[in-house]
Amino acid sequence: MPDPVSRRTFLGASAAALAAGTLPATSRRIDAPALILRPPAQPVAISSNNSLAPVTRAVELMLKGADTLDAAVEGVKIQELDPKDNSVGYGGIPNEEGVVQLDASCMHGPTKRAGAVGALEGIKTPSEVAKLVLKYTNHILLVGEGAKRFALSYGFKEEDLLTPESRQRWLAWRANRGAADDWLDVPDKEPMVVRPTGTINLNVVSPSGDISSVTTTSGLAWKIPGRVGDSPIVGAGQYTDNEIGAAGSTGRGESNIMVCGGFLTVEHMRRGMKPTDACLETLKRAIAMSPTRLLHPDGRPRFDLTFYAVNKRGEYGAAAFFPGKFAVHDGNTAASKECAFLFASNK
């Protein structure tokens, strides 16, 4: 009987054969990517429910060949410049001193770059300023007076961002803060004014599979001056990985910061989750990281939070703690759709 071939001899012979090209193709090692995603056939834009016009504009621009980040910023600018939308930009709800301070961030998948501004005063379109930080500096986040000077250096005009409506809302809130004023008394636990939050997150994917995201906001109504939420925080308010997808949020910013929600949602998609499932999983993490003062006795949150996501295939989804809607353009039409949710009611 012939001597058995040793493992060392076999491996050596195999290596020589491979070098000579004599091994069959099926014997050669092929390194496969962990996740293979096909580009979408149509562009997609997903956003918060007040953004039917922005998602439509973003898709229109991408179909004309526009860059994904340019398309996303041009989309959200529609609402930033709309005085009737008090969630962002011009006419945004001010802080407790009656000053509108705006936040925004953006991320460009193809170049792996990001830009953001926080507590920006006097400039209507913080999303544009965030894009300039991305394009022309080696920084990511500029805040306060420095962010405003940066914007002015590029020709932005400083303006009063309070509209008559937003100013009236602030004056009414200020008058009702204490009992020693001329307003009628109400029961202690009766909410006089809903403390609104307002944000737009817009995530886009082009026909070629390039991805970008942008989030813009006027922040929490009546906030302490200088307060910055999740919107200008890359990885929280929004996040993009050009190989996987993009995600962002609206709602209580502090709770999103605690879980790095934009990044975490993209990571869930990296592991194979569909966008809606990824959003739901991040919401569960946000509850787990919430202090008891923010939760009802049964574990339901006393606040709301919504995540929006799209992957490289063009699959999209959104989820919130409670029922709500989101805006999406699937490459054909823009529509308002129901979010997935964890709880049927917040009461």
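Modeller: Before we start, buried means under 20% relative accessible area, exposed means over 50%, and partly exposed is in between, with a 1.4 Å probe and protein chains only. This is a predicted model, where local features need pLDDT of at least 70 and side-chain atom pairs count only at pLDDT 80 or more, while totals for chains, interfaces and linings use all residues. Residues are numbered from 1 along each chain as its sequence is written, and side-chain values use heavy atoms, with hydrogens and water left out.

Colleague: Fine. Is Tyr316 buried, partly exposed or exposed?

Modeller: Tyr316 sits in strand 10; strands are DSSP runs of E with at least two residues, helices are runs of H or I with at least four, and both are numbered from the N terminus. Its relative accessibility is 23%, so Tyr316 comes out as partly exposed.

Colleague: And which geometry does the pair of Tyr316 and Phe326 have?

Modeller: Rings of Phe, Tyr and Trp (its six-membered ring) pair if their centres lie within 6.5 Å; planes under 30 degrees apart count as stacked, over 60 as edge-to-face and the rest as tilted. Phe326, in strand 11, is buried at 4%. The two rings are 6.3 Å centre to centre with 65° between the planes, which makes the pair edge-to-face.

Colleague: How far apart in sequence are the parts that Phe303 and Phe321 tie together?

Modeller: Both Phe303 and Phe321 are buried, and their edge-to-face pair has 5.5 Å centre to centre and 80° between the planes. Phe303 is in the loop between helix 9 (275–288) and strand 9 (305–311), and Phe321 in the loop between strand 10 (316–320) and strand 11 (325–329), so the parts tied together are 18 residues apart.

Colleague: Which residues do ring pairs link into a cluster?

Modeller: The structure holds eight aromatic pairs. Phe303 and Phe321 form one of them. The cluster linked by ring pairs is Phe303, Phe321, Phe322 and Phe343.

Colleague: How many residues are in the largest nonpolar core?

Modeller: A nonpolar core is a set of buried Ala, Val, Leu, Ile, Met, Phe, Trp, Tyr and Cys residues joined through side-chain atoms within 4.5 Å. In the largest, those with the most contacts inside are Ala45, Val117, Val129, Leu202, Val204 and Val214. Elements giving two or more residues to this core include helix 2 (52–63), helix 3 (68–80) and strand 5. The core's size is 32 residues.

Colleague: Which residues does Ser206 contact, leaving aside neighbours within four places in sequence?

Modeller: Ser206 is in the loop between strand 5 (199–205) and strand 6 (211–217), and counts as buried at 7% relative accessibility. Contact means heavy atoms within 4.5 Å. With those neighbours left aside, the list is Pro40, Pro43, Met62 and Thr68.

Colleague: Last one: what share of the protein chain's residues count as buried?

Modeller: The chain's secondary structure comes to nine helices and 13 strands. Of its 347 residues, the share that count as buried is 50%.
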